[in-house]
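Open your viewer and get ready to click along. This tour tells you what to select at each stop and what you will find there.

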Amino acid sequence: MASLVLSLDGEMIREFEITKPRFTIGRRPYNDVPIDNLAVSGEHAAIVQIGNDLIFEDGGSTNGTLLNGASVEKQLLKDGDVIEIGKYHLRFFAGKTLAAQPDFEKTMLIRSPFAGMNLKLDDTPPAAEGALLIDAPTHLDPFPTTFSPEIKTHHAPEPLVAQAVHVATETPPHPLHYALKVLNGKQSGAEIPLTKPITSLGKKNVQVAMITRRPNGFFLNHVQGDKFPIVNGATLNERPCPLNPDDVIELAGVRMEFLAK
């Protein structure tokens, strides 16, 4: 599903899934993306679905809107587009499935046990060293218990005697623990649990990325900075990159390993 990620000064605030044919942005609280700032008009803009396309429309706002740095009134949205309203940025993610992305088709190996969750505002301050911006953890849901019955019957001459039934149960599997392990620097060896829908990483105004947790796995997205994150030696582009166990991420001079255990 397509979504917008709202940020201010490079820090993630909230992700909004686009679930309506007309999705509004503005200062008034009834908007689908409410932004309480005087630079934002009451009904500033909207994203409108036309067929399979999503179109951005400025609603005649007082201060206007920028799309990828250029003034815009109406424009077809593409994956990775950045909408600027005042000091706020809204990055558009098209929400393509892996099947629609040939480059990722063979790299997605893990399955997440998590259902989709609504995102909350995150006011977690950045780390003192400026190397990592870490969200606070939430609880994980384990897989449901499963049962595998085995039925054995014992026969005797007529009449048939009662059957004996033995039921064996399996021990339910433990939920996987997902984290990033820091491989260098002062925080080397530390683990960052990936328990929130969005985890922000990097150095503000230098290089910022985010890891999003979705029902089909974890994805790394570039957010801010001239340099893009590197995964296993390959530089990313605007597309979300699925993460697999033991992947090594390089971001703002910090190397981290993605763990699933």
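Where pLDDT is low, the predicted coordinates should not be read in detail.

Residues are numbered from 1 along each chain as its sequence is written, and side-chain values use heavy atoms, with hydrogens and water left out.

Now show the whole chain as a cartoon. The average pLDDT is 75, and 69% of the residues score at least 70.

For the next stop, select β4, β3, β5, β6 and β9, which in that order make an open sheet of 5 strands with mixed pairing. Its edge strands, β4 (33-34) and β9 (74-76), each pair on one side only. Two strands pair if DSSP finds at least two bridges between them. Zoom in on β3 (residues 22-26) and β5 (residues 45-50), an antiparallel pair with 4 bridges. Click F23 and you can look across to I47, its bridge partner in β5.

A second open sheet has 6 strands, ordered β2-β1-β11-β10-β7-β8, with antiparallel pairing. Select β1 (residues 3-8) together with β2 to see 6 bridges; L8 has E11 as its bridge partner in β2.

Finish with side chains: which residues form one aromatic cluster? Select Y178, F218 and F258. Rings of Phe, Tyr and Trp (its six-membered ring) pair if their centres lie within 6.5 Å; planes under 30 degrees apart count as stacked, over 60 as edge-to-face and the rest as tilted. Y178 and F218 are tilted, at 4.7 Å centre to centre and 40° between the planes. Y178 lies in β12 (residues 178-182) and F218 in β16 (residues 217-224), so this pair ties together parts 40 residues apart in sequence. The centres of F218 and F258 are 5.6 Å apart with planes at 55°, so that pair is tilted. F258 counts as buried because its relative accessibility is 0%; buried means under 20% relative accessible area, exposed over 50%, partly exposed in between (1.4 Å probe, protein chains only).

Definitions and conventions. Predicted model: local features only at pLDDT ≥ 70, side-chain atom pairs only at ≥ 80, totals over all residues. pLDDT = per-residue confidence, 0-100. Helix = DSSP H or I, 4+ residues; strand = E, 2+ residues; numbered from the N terminus.
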